[in-house]
Amino acid sequence: MNEHLVPAGQDVRRVGGTVGYAETADALAVQYEDVTFEEVHRDVLRWVPVEAGRVLDVGAGTGRDAAALAARGHEVVAVEPTAELRVHGQRIHGGSAVEWVDDALPALSLDRHPGRFDAVFATAVWMHLDAGERRRAMGRIAELLVPGGRFFVNLRHGPVPHGRRMFDVSAAETAELGGTHGLRTVHRGERPDLHGRVGVRWSSLVLQAEELGRRA
C-alpha cells in the first residue's frame, strides 16, 4: 500500500485526510467549482435518488455537489472538516439550503443530524483513509443508509499531490469491503481526470444497502 507521508513538523492535529487542504484552500475552491456535479458524476446520475430525500455529502469541499443535490430538492448535510473550505462553500453556495457540519470519517458522529440517509456521497475522500479507517468508515456508512440507500464513492488513482496523505485504494477492495457490510455493488466504472492531470484517473462506485424484504 503506497502512502504519501506527512512532512516533518506538520501539525499533528491535521494528520489524516485533511492534511494539505487548508494551505491550498483558495486554489482548490477554484478547481472544485471549475467542474459541475453533472460532469463529475455523469456515469452514476441514474442512481441518484429522483424523489426528494435526505442526502449526506462527506468531504463536501466547497459544497459544489451538496448545492446541486439541494437544488434537486434533497435535504443535504455537507460534512467538511477543513474550516477554510467550509468558508469558501458558505460563500459560494450561501443561497443553497445546505446544512454544514465540521466532522469526518471514520467516526462521523453527526450529533446534530441523527437518523439515516437515502444517499451518501464520498467524492475524492475514501483514498485518504488507511485500511483500518476504511473498515470503520464502511461500517459507519452502512449504519447511516436507509434500506435501499446508496453510497456513491469516487476514488482517485495516480500521483499524490505534495503534502497530501493518500493511499492506493482499488475499486475492487472498496466493493469487497462494502459487501462485508451488506452493501451490494450496483455500479463500478472508471474515467479520466476532468482536469487533464497526467497519470490521474478515477474509479466510481455505487454501493446499495439491502432493501427490506429482499432475499439474500
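Gly189 stands opposite Ser204 in E7. This contact point belongs to an antiparallel pairing: E6 and strand E7 (residues 201–209) are joined over 9 bridges. The model is predicted.

**The sheet**

E6 and E7 belong to an open sheet of 7 strands. Its order is E3-E2-E1-E4-E5-E7-E6, and the pairing is mixed. Strand E3 (98–101) and strand E6 (183–192) stand at the edges; each has a single partner strand, so one side of each is left without a neighbour in the sheet. On average, neighbouring strands are turned by 15 degrees against each other, direction ignored.

**Helices on the sheet**

Helix H5 (residues 131–144) packs on the sheet. It touches E1, E4, strand E5 (145–157), E6 and E7. The direction of H5 makes about 145 degrees with that of E5. Helix H6 (residues 171–180) lies across E5, E6 and E7. H6 runs at about 10 degrees to E7.

**Strand E1**

E1 spans residues 54–58 and is mostly covered, with 5 of its 5 residues buried. Arg54, Leu56 and Val58 point one way from the strand. Val55 and Asp57 point the other way.

E1 has parallel pairings with E2 and with E4. In the sheet order, E1 stands between these two strands.

| Strand pair | Sense | Bridges | Residues opposite each other |
|---|---|---|---|
| E1 and E2 (residues 75–79) | parallel | 5 bridges | Leu56 and Val77 |
| E1 and E4 (residues 117–123) | parallel | 4 bridges | Asp57 and Phe121 |
| E6 and E7 (residues 201–209) | antiparallel | 9 bridges | Gly189 and Ser204 |

E1, helix H3 (residues 64–71) and E2 make a right-handed β-α-β unit. On the E4 side, Asp57 stands opposite Phe121.

**Confidence**

How high is the mean pLDDT of the protein? The mean is 89, and 90% of the residues reach 70 or more. The start of the chain is another matter. Over residues 1–15, pLDDT stays under 50. For this stretch the model has 25 contacts beyond four places in sequence.

How values were computed
Residues are numbered from 1 along each chain as its sequence is written. This is a predicted model: local features need pLDDT of at least 70, side-chain atom pairs count only at pLDDT 80 or more; totals for chains, interfaces and linings use all residues. Side-chain values use heavy atoms; hydrogens and water are left out. Buried means under 20% relative accessible area, exposed over 50%, partly exposed in between (1.4 Å probe, protein chains only). Two strands pair if DSSP finds at least two bridges between them. A crossover is right-handed if, with the strands pointing away from the viewer, the path from the first strand over the helix to the second runs clockwise. pLDDT is the predictor's confidence in each residue, from 0 to 100. Contact means heavy atoms within 4.5 Å. Axes are lines fitted to C-alpha atoms, for helices over the stretch in contact, and angles run from 0 to 180 degrees between N-to-C directions.
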